[in-house]
Each structure stands twice: as C-alpha cells, then as structure tokens.
Amino acid sequence: MNHNPGYALSRRGLIRTGVGASLAAFGLGVGAQTASADVTATKRFDLTEPSYDLFRSKNTHGARVQQSFAFDWVNKFLFVATKRSGSAESAGDLCINKMDFDGNYISYMHLNGFGHGVAFAALPSGSGTELWIECDANSNGYGTALAPIRYTANTTLNSPAASAAYQPISGATEYTCSVDPVYRRMIVRYHTSAGKRIAVYPLSAFETRSFGSPLVDFKQPTISGTAQGYTLYGSYMYYLTGDAYPGDGTPTGDGNTYVTSVDINTGTVKQGPVLTKAGSTLNHREPEGLAIYRTDAGEARLFIGFATGVEGDRRSSIFYKNALV
C-alpha cells in the first residue's frame with residue numbers, strides 16, 4: 001500500500017532529553033574508549049549448520065523491501081522495518097510493521113526522516129514496545145542519533161532532531177543498534193571519520209538513558225560484500241552481507257548471502273564469511289536484517305531476513321539458525 005498523506009502526525013512516545021548540560025548527564029558526548037572489561041566468553045552460532053523457516057513471503061504494509069527486523073521477546077511480536085512507498089532513498093522514511101511470529105501483519109507505524117533502517121531494537125515496555133532506532137537522517141538517508149520511540153499503531157511520527165535524541169559516542173556521525181535479549185546487551189554500529197566502529201553496552205544503559213563508557217569498542221573488521229545487517233549474541237557479533245538476485249530476481253544458483261561472526265573481545269573474525277542458502281529458491285532474495293530471539297523452551301536462535309517477491313509486491317521472509325558451539 002502507498003503512504004496515505006492524510007494520516008495525522010503524532011509525537012506520542014517520543015522521549016526528549018534536552019541539550020547542553022543535560023547531555024553530559026546522560027553520557028552523551030563521552031568519548032569512545034577501548035574495552036574497560038572483557039565480556040565473558042559465550043557459545044556462538046555455528047554458521048555452517050542448516051537454517052530453518054520462520055515464515056516465507058509474508059505481506060507488509062507497503063510494497064517496498066524490508067530493511068531489518070526486531071523481536072519484542074516479552075510481548076511476542078515481530079517488528080519489520082520497510083522502505084516507505086513513494087519516498088526517496090535519501091529521505092529516511094520508514095514503515096514499521098507489527099507482525100505475529102507467523103508473519104501475519106497486524107499494524108504499521110510511519111517514521112518520517114528517521115534513517116535507512118539497517119538495524120533497530122524492540123524493547124518490551126509493559127504491554128507495549130519501545131523501538132530504539134536511528135533518527136534525524138542526513139542527506140544520505142542515514143540516522144545521526146538514536147531515539148526511543150513508543151510503537152503506536154497506525155500513526156505517523158516526524159523524527160526528532162539529533163540534539164533531542166541520544167548520541168552516546170563523541171564524534172560519531174551515524175548510528176544504528178541491535179539488541180541481545182539473552183545476555184541483555186545492546187550493540188551499536190557507528191560511523192566516524194576513520195570508518196565504522198562497534199560498541200557494546202549493557203541493556204540497562206538504554207533502559208535508564210545513562211550510557212557512560214561501553215563494555216567494548218572496536219573498529220569493525222573488514223568484511224567484503226554489501227552490508228545488510230548485524231546483531232549480537234553473548235560475546236559474538238553477527239554480520240550479514242549480500243545482494244539480491246540480479247535482473248528480474250529469478251533464483252540464480254545459491255546467491256551471495258554470507259554471515260560472519262566476530263569476537264567482540266578481540267574485534268576479529270571468528271567464523272566466516274559463510275554462505276547461507278536459506279530461501280535460495282525465493283524470487284529477488286535480498287538479505288535484510290539479523291536478530292536474536294530465545295524461545296520459551298530456552299533455544300537461542302539467530303534469525304536471518306530477506307526481502308523477497310517481485311518488484312511492486314515485495315514480501316518478508318525470515319529464517320533462523322539454532323546450533324551453538
């Protein structure tokens with residue numbers, strides 16, 4: 001569906017911090033540091049093991065490709081960020097789709113001028129969900145700060161200014177984030193004049209809006225391919241690369257979607273890049289997003305998303321890996 005310009009603008013759920021002295025109180029402007037303490041080593045996903053379907057080819061509110069997705073692990077909902085129909089690539093306009101775990105669409109929220117949507121987090125907040133997502137898109141369409149937004153169905157929200165949001169890393173010009181709900185941490189990927197870097201915080205830093213120094217902070221290792229998402233599980237970051245099938249999107253071979261794991265204590269690649277054939281028969285099949293979820297039975301899963309389907313009717317398809325080593 002195309003965006004309906006008649007929807008009323010809403011700022012419900014927007015949390016403002018103020019500027020000046022209040023920024024320092026929340027840890028904004030604190031310089032990036034190297035790890036002050038190692039993160040305890042954990043098991044990691046074996047990327048060579050098979051992937052399994054969560055769902056395939058599910059409809060979202062709009063017809064354009066998904067960018068990423070996130071789980072509210074308490075209220076049991078999935079949120080899928082898609083590009084907005086009718087918006088320019090550089091506009092930073094997103095549609096957040098609320099879905100159940102079977103991929104059934106429930107509702108949407110439009111976010112104007114927020115960013116590209118490479119990654120975001122969906123934190124449980126009572127019976128609702130607080131989205132931590134990039135905001136105040138720059139001229140390239142990438143967010144320059146992080147904002148906590150209360151998901152409010154069927155509304156449209158204009159982005160706050162960066163000065164009214166959160167910029168935990170001094171000198172960073174772009175931000176995205178993803179949550180590890182099992183070990184309760186948030187991973188932040190940010191851009192500086194020297195390139196991309198990774199910082200990891202306790203989840204409590206985002207819940208209390210008091211950031212301080214990250215647990216670890218390192219230069220992102222060089223990983224070839226088009227960046228399409230990342231997430232965190234324990235002491236390992238997972239990084240997704242690849243492209244859609246060429247031409248009309250007809251399945252061609254096994255594609256070029258790769259997943260890589262990175263040891264956050266050393267900032268070096270642990271496994272990969274490993275080719276994944278998940279959903280290899282789907283049309284278009286552009287890798288879009290990674291996320292972590294642990295089932296009620298205690299099984300940790302690394303989820304891999306794809307934008308699939310024909311142009312003008314893109315769908316969401318999500319798979320997962322569950323083998324730990």
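Arg56 is partly exposed, at 34% relative accessible area. Here, buried means under 20% relative accessible area, exposed means over 50%, and partly exposed lies in between (1.4 Å probe, protein chains only). Asp53 is also partly exposed, at 38%. These two residues form a salt bridge, with the closest N and O atoms 2.4 Å apart. A salt bridge is a side-chain nitrogen of Lys or Arg within 4 Å of a carboxyl oxygen of Asp or Glu. Side chains of opposite charge can pair when their charged atoms come close.

This is a predicted model: local features need pLDDT of at least 70, side-chain atom pairs count only at pLDDT 80 or more, and totals for chains, interfaces and linings use all residues. Residues are numbered from 1 along each chain as its sequence is written, and side-chain values use heavy atoms, leaving out hydrogens and water.

## Other salt bridges

The whole structure holds 11 salt bridges. One of them joins Glu207 to Arg184, with 2.8 Å between the closest N and O atoms. Glu207 sits in helix α2 (residues 203-208), and Arg184 in the loop between β10 (174-180) and β11 (185-192), so the pair ties together parts 23 residues apart in sequence. Helices (H or I, at least four residues) and strands (E, at least two) are DSSP runs, numbered from the N terminus. Glu207 is partly exposed at 41%, and Arg184 is partly exposed at 39%.

Asp313 and Arg315 also meet in a salt bridge, at 3.0 Å from N to O. Salt bridges that share partners link Arg64, Lys83 and Glu89 into one network.

## A four-stranded sheet

Four strands make an open sheet, in the order β10-β11-β12-β13, with antiparallel pairing. Its edge strands are β10 and β13 (216-219), each pairing on one side only. Neighbouring strands are turned by 20° against each other on average, direction ignored. For such angles, axes are lines fitted to C-alpha atoms, for helices over the stretch in contact, and angles run from 0 to 180 degrees between N-to-C directions.

Two strands pair if DSSP finds at least two bridges between them. Seven bridges join the antiparallel strands β10 and β11. Cys177 stands opposite Val188 in β11.

## Cysteines

How many disulfides are there? The count is zero. A disulfide is a pair of cysteine sulfur atoms within 2.5 Å. Cys177 is buried, at 0% relative accessibility. Cys135 is buried too, with a relative accessible area of 0%.
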